Amino acid sequence: MWRGPRLRWPRRIALAMAVVLLLPALTGAIALRVNYAGDLKDGTKTRGQDAVWLGHAWVDGRKKDADLDAFAARIRGTGIRDLYVHAGPLEHDGSLPADRYPRARWLIDAVHRKIPGIRVQAWLGDKLASEGPDGLKLPDAGTRAAVVRSTDQILDAGFDGVHYDLEPLHSGDRDYLSLLDDLRELTRARRVPLSIAAHQIDPLPALHSLAGGLTGHPKWWSQEFFGQVARRVDQIAVMSYDTAIPLESLYGGYVAQQTALALEVTPEDTDLLMGLPFFHEDDIGHWENAETVAAAIRGTRLGLGRTDRDRRRFGVALYVDFAAEEADWTAYRNGWGGPA
């Protein structure tokens, strides 16, 4: 039977749209898979600059001496140097109630005594009001000043540094850069490191703008903005997980790309750490069987070997202690190794 153009054209349009949408995805998948191939370079192992995020139980009274003894045994012989201990969150006005970290002094003193050479940093953060009315408002100068005062307060508790994780933080946020400038002035005066958790970098130029326009939630930072942030801090840890990538080889290729992009714009006097997924969930943003510690480490080593093999101030950051399984620790030790 003859079919008129009104029946044929919708199908042709649908086919064309499928090609337009699927071809870039297919091309990107092939590129990530290729990026995951190749030999690992000698020397792409831990430099003793690694970190681990620790939950709030370490400062609120739930953890005891026996827990710390077990943790000390766990990290002995690894490259872990920094502990990011959750001591917040901040209030939306930037303040930090002192009753949020009642056992901080116990932890700091015990770590210094039982695990010499390990730094205990206060992990602080809050939800930002960047995509809705609720949250911490960075454009408010009074709020930013309160965050600086809270940092001074937490350092008075004895922490060896401060690690900030503020989300969702859009690429190009000048108020965030202003806050970092103020925080850096304080931490330099107190001779402690300023550390931050960073969003991933655009895998394609300007992808954050496109994603923001379509979804209202720009997931990535531009590489330029990442560099601007990295120049203002002593340590930057990329949250290189929650990628929604469904295959392990593609995820590993993505981490290799993220590692290379971050290395290209991070100053040599800033610690750069790539995040490892020490947690197990299956949802729209994280596929447990794809985002594995082994794939993240291989991707990190590939990116390091191809981009800046001899970078000394480089490591990995483990997220998070209370969700980790034995296999995660084994993959970290086997893939990344102990200090040379």
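Okay, ground rules, quickly. Residues are numbered from 1 along each chain as its sequence is written, and side-chain values use heavy atoms, with hydrogens and water left out. Since the model is predicted, local features need pLDDT of at least 70 and side-chain atom pairs count only at pLDDT 80 or more, while totals for chains, interfaces and linings use all residues.

Let's begin with the second largest pocket. Its volume is about 450 Å³. A pocket here is an open set of points on a 1 Å grid over the protein atoms alone, where a 1.4 Å probe fits, with protein on both sides within 12 Å along at least five of seven lines; lining residues have an atom within 4 Å of a point. The volume is the space filled by probe spheres set on those points, which are joined across faces, edges and corners. Which residues are closest to the centre of this pocket? Out of 20 lining residues, they are D165, E167, M239, Y241 and D242. By class, the lining has 11 nonpolar, 4 polar and 5 charged residues (Ala, Val, Leu, Ile, Met, Phe, Trp, Tyr, Cys and Pro are nonpolar, Asp, Glu, Lys and Arg charged, and the others, Gly among them, polar).

D242 is in the loop between β6 (235–238) and α8 (248–265); helices (H or I, at least four residues) and strands (E, at least two) are DSSP runs, numbered from the N terminus. D242 has a positive phi, near 55 degrees, though it isn't a glycine. At 34% relative accessibility, D242 counts as partly exposed (buried is under 20%, exposed over 50%, partly exposed in between, with a 1.4 Å probe and protein chains only). R191 also has a positive phi, about 60 degrees, and again is not a glycine. R191 sits in the loop between α5 and β5 (194–198), and at 80% it counts as exposed.

Now the aromatics. Rings of Phe, Tyr and Trp (its six-membered ring) pair if their centres lie within 6.5 Å; planes under 30 degrees apart are stacked, over 60 edge-to-face, and the rest tilted. That gives 14 aromatic pairs. Take W53 and Y319: the ring centres are 5.6 Å apart and the planes at 75 degrees, so that's edge-to-face. W53 is in strand β1 (residues 50–54) and Y319 in strand β10 (residues 314–319), 266 residues apart, so to speak a link between distant parts of the chain. W53 is buried at 2%, whereas Y319 is partly exposed at 25%.

Y319 has another feature: its peptide bond to V320 is cis, with omega near 10 degrees. V320 is in the loop between β10 and α10 (326–336). G88 and P89 are joined by a cis bond too, with omega about 5 degrees, and P89 lies in the loop between β2 (80–86) and α3 (104–114).
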